[in-house]
Amino acid sequence: KVVDGYETRFGIRTVRFDPNEGFFLNGKSLKIVGTNNHQDHAGVGTAIPDALQEFRIRRLKEMGSNAIRTSHNPPTPEFLDVCDRLGMLVLDENRLMGINKEHFNNVEQFIKRDRNHPSVFLWSLGNEEWHIEGDIRGARMAKSMQNFAKRLDSSRAFTIACSGGWDTGIGMETEVMGYNYLKQGDIDVHHKLFPWQSSIGTEESNTIGTRGIYKTEDSKCYLAYPTQTELIAERGWKFYAERPFLSGIFYWTGFDYRGEPTPYGWPAVTSQFGVIDLCGFPKDIFYYMKSWWGKEPVLHIATHWNRSEKEGQEITVFVFSNCDQVELYLNNKSLGKKEMTRNGHLDWKIKFKPGVLMAKGYKAGKEIISHKIETTENPASIDLLADRTEIQNGGEDLSVITVQTIDAKGLIVPIADNEISFSITGPGKIIGVGNGDPSSHESEQFHDTIKTVKIINLKERTVNNLDNRPETALGYDDSGWIPAFGVRHKDWTVYVDSLLVVRGEFTLPVFTDQTILNLFTKSIVENQSVYVNGRLLRAGIKRDDTTQTFLLDHSILKAGKNEYVVVGKRFKRRNPWEEPNVDPGLVQLICPTVGWKRKLFNGLAQIIVQSGSKRGEIQLTATSPGLKPAVITIKSR
């Protein structure tokens with residue numbers, strides 16, 4: 001009889017590092033071209049559905065990337081499942097270096113969990129331990145961790161990402177040297193000092209810039225493209241491409257992510273390091289990478305042509321391509337043909353004129369590709385484009401939809417900033433919106449919000465009967481009353497001043513007709529009668545009745561101060577240790593969402609639609625004042 005079982009997917013492949021010739025996959029030399037990535041996406045944060053993991057990995061593969069470093073922690077198993085299936089190599093990284101039991105236990109758990117994934121080609125045991133990476137302590141720690149980890153997986157090599165002290169610390173011991181940034185040392189010297197050691201660029205060449213921005217605006221935390229960052233990225237790739245002993249490079253980063261808004265602070269809220277923005281929209285530098293990492297012909301003009309503020313002024317236009325030559329035309333007039341240097345880029349100085357800027361790319365003297373950008377008119381209609389128009393039902397699959405506007409000629413308007421509203425019908429839901437703006441503070445999710453307001457400033461007055469008490473009236477003067485329940489009688493088994501009126505208040509924010517207001521009361525006197533703004537809600541409520549919930553009528557309420565009154569008998573102590581309740585309760589406000597919406601940023605926004613449990617057609621409608629609306633249908637099967 002079967003008494004236990006374990007099922008896992010696996011892949012058959014060989015990986016090997018050579019100190020002089022780099023990395024080999026299945027016996028063939030392969031240059032690692034990858035990016036570092038945090039798990040963070042517009043609209044959903046780090047709670048990324050599995051299908052969105054696939055969307056992000058496919059976007060990186062479009063660029064020609066073949067590897068991801070999970071900086072700086074192990075990824076979700078589902079992420080590795082997608083990498084296995086799509087053929088994306090993974091540098092799987094441990095969160096924290098150390099040699100005590102806790103550190104070793106963490107290493108053991110993550111290696112045992114992930115070692116059956118064929119996408120994992122290299123383990124990282126740590127990252128930038130600045131206090132120890134350049135001294136003997138770091139070297140000893142690296143050796144101890146590596147020896148321990150080897151017992152768990154001897155089929156792969158180990159690295160540690162180092163930002164300095166390469167020749168005197170951790171870099172003396174790691175199987176594969178992990179270099180973080182060229183500026184931190186001399187890689188060629190280290191290679192000569194440690195000829196036995198393989199190496200890889202674990203972190204390199206920050207590509208800082210804002211998608212679709214071509215004029216730096218510090219007040220908005222926008223960094224213009226093209227900038228020197230392109231040249232830094234180019235320098236980094238050329239350095240690694242020219243050295244066979246370097247196994248490859250991981251750029252910082254593939255996608256923008258929340259936090260580290262270098263070089264700005266508030267109001268910026270996301271980084272701008274990504275080759276791709278937080279939504280997955282490519283920045284111009286994406287096409288530099290694609291030119292030299294991919295196999296397809298690439299030609300990209302790194303600007304848009306709605307730059308009326310530059311009328312008659314000279315601007316620099318970058319062109320990214322892997323063609324032999326590129327020729328540029330402005331309004332059908334040639335601006336000259338230029339030779340492309342391998343792993344380089346081209347640029348032209350042009351006086352801006354509205355119209356059409358076109359580039360043509362040539363291989364062996366033959367035109368093989370072209371790219372043109374045009375000056376557009378104002379937005380006329382909304383355009384929706386889904387990455388997938390068929391998804392699986394079950395509540396896990398999703399479609400990522402690009403939102404843009406087009407003018408009367410059908411051209412995408414690259415500077416549009418219209419606010420778009422969304423509605424959805426069918427077996428699906430919206431789970432997030434974004435636009436890639438690094439300084440946007442707009443909501444990325446729209447759901448009913450719930451607020452609570454306390455009933456405060458309780459005052460009491462003893463009375464001789466409970467019938468038709470004038471103290472319950474709205475606006476009654478209670479200025480001479482004493483704080484409620486401030487007097488503690490010695491013997492609560494006897495009613496002393498037992499009949500009470502208790503007055504309090506609660507302050508409501510501005511609310512709408514759609515706001516739901518609930519009053520959740522608690523018994524603070526025996527057989528209490530509850531009044532709000534002079535209106536009796538219920539009389540004679542028994543002590544600790546669990547049904548003291550009231551849907552409040554808007555007609556008796558107002559924004560600002562409202563009055564709460566109860567009438568009843570003072571509690572009698574039921575046992576010596578009892579402390580009778582003195583909390584009157586609270587008011588709950590449920591504010592229905594005003595609907596999903598998002599402003600375009602440099603012509604683009606994104607909305608993520610997730611399937612429900614049922615099959616059918618999901619319809620997403622996008623509207624904006626003055627624009628022709630758009631509808632897209634997603635089939636859930």
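**Entry 1: salt bridges**

I started with the count, which comes to 38 salt bridges. My rule for a salt bridge was a side-chain nitrogen of Lys or Arg within 4 Å of a carboxyl oxygen of Asp or Glu. This is a predicted model, where local features need pLDDT of at least 70 and side-chain atom pairs count only at pLDDT 80 or more, while totals for chains, interfaces and linings use all residues. Residues are numbered from 1 along each chain as its sequence is written, and side-chain values use heavy atoms, with hydrogens and water left out.

I then looked up single pairs. Asp-277 and Arg-211 meet through their side chains in a salt bridge, 2.7 Å from N to O. Asp-277 is in the loop between strand 11 and helix 7, and Arg-211 is in the loop between strand 10 and helix 6 (228-241), so this pair ties together parts that are 66 residues apart in sequence. I took helices (H or I, at least four residues) and strands (E, at least two) as DSSP runs, numbered from the N terminus. Are Asp-277 and Arg-211 buried or exposed? Both are buried. I call a residue buried under 20% relative accessible area, exposed over 50%, and partly exposed in between (1.4 Å probe, protein chains only).

Next came Asp-256 and Lys-283, whose side chains form a salt bridge at 3.0 Å, N to O. Asp-256 and Lys-283 each lie in the loop between strand 11 and helix 7, so the pair ties together parts that are 27 residues apart in sequence. Both Asp-256 and Lys-283 are buried.

Glu-526 and Arg-543 gave a salt bridge of 3.7 Å, N to O. Glu-526 sits in strand 29 (residues 526-532) and Arg-543 in the loop between strand 30 (535-541) and strand 31 (549-551), so the pair ties together parts that are 17 residues apart in sequence. I found both Glu-526 and Arg-543 buried.

I also noted one network: salt bridges with shared partners join Asp-40, Arg-258, Glu-442, Glu-444 and Arg-598.

**Entry 2: surface charge**

Which residues gather in a patch of negative charge on the surface? I found Asp-50, Glu-78, Asp-81 and Glu-396 there. For patches I used residues with over 30% relative accessible area and no salt bridge, joining like charges within 9 Å and nonpolar side chains (Val, Leu, Ile, Met, Phe, Trp, Tyr) within 5 Å. Asp and Glu count as negative, Lys and Arg as positive; His and the chain ends are not counted. I placed each charge at NZ of Lys, CZ of Arg, CG of Asp or CD of Glu. Accessible areas come from the Shrake-Rupley method with a 1.4 Å probe, and for residues only the protein chains shown count as cover.

Glu-78 belongs to helix 2 (residues 77-86). Its relative accessible area is 35%, so Glu-78 is partly exposed.

**Entry 3: covered elements**

Seven of the nine residues of helix 7 (residues 285-293) are buried, so the rest of the structure largely encloses this helix. The buried ones are Ile-285, Phe-286, Tyr-288, Met-289, Ser-291, Trp-292 and Trp-293.

Strand 10 (residues 198-204) is mostly covered, with seven of its seven residues buried. Strand 9 (residues 176-180) runs parallel to strand 10, joined by five bridges. I count two strands as paired if DSSP finds at least two bridges between them. Tyr-179 has Gly-201 in strand 10 as its bridge partner.

**Entry 4: a hairpin**

I followed strand 17 (residues 356-363) and strand 18 (residues 366-374), which pair in the antiparallel sense over eight bridges. Tyr-362 stands opposite Glu-367 in strand 18. The two strands form a hairpin with two residues between them, and Ala-364 in the turn has a positive phi of about 55°.

**Entry 5: backbone angles**

I looked for cis peptide bonds. The bond from Ser-71 to His-72 is cis, with omega near -5°. His-72 is in the loop between strand 5 (67-69) and helix 2. Trp-266 and Pro-267 are also joined by a cis peptide bond, with omega about 15°. Pro-267 is in the loop between strand 11 (246-252) and helix 7.

Where is Asn-343? Asn-343 lies in the loop between strand 15 (333-339) and strand 16 (346-351). Its phi is near 65°, positive in a residue other than glycine. Asn-343 counts as buried, because its relative accessibility is 9%.

Asn-468, in the loop between strand 25 (456-462) and strand 26 (482-483), has a positive phi near 45°. Asn-468 counts as exposed at 77% relative accessibility.
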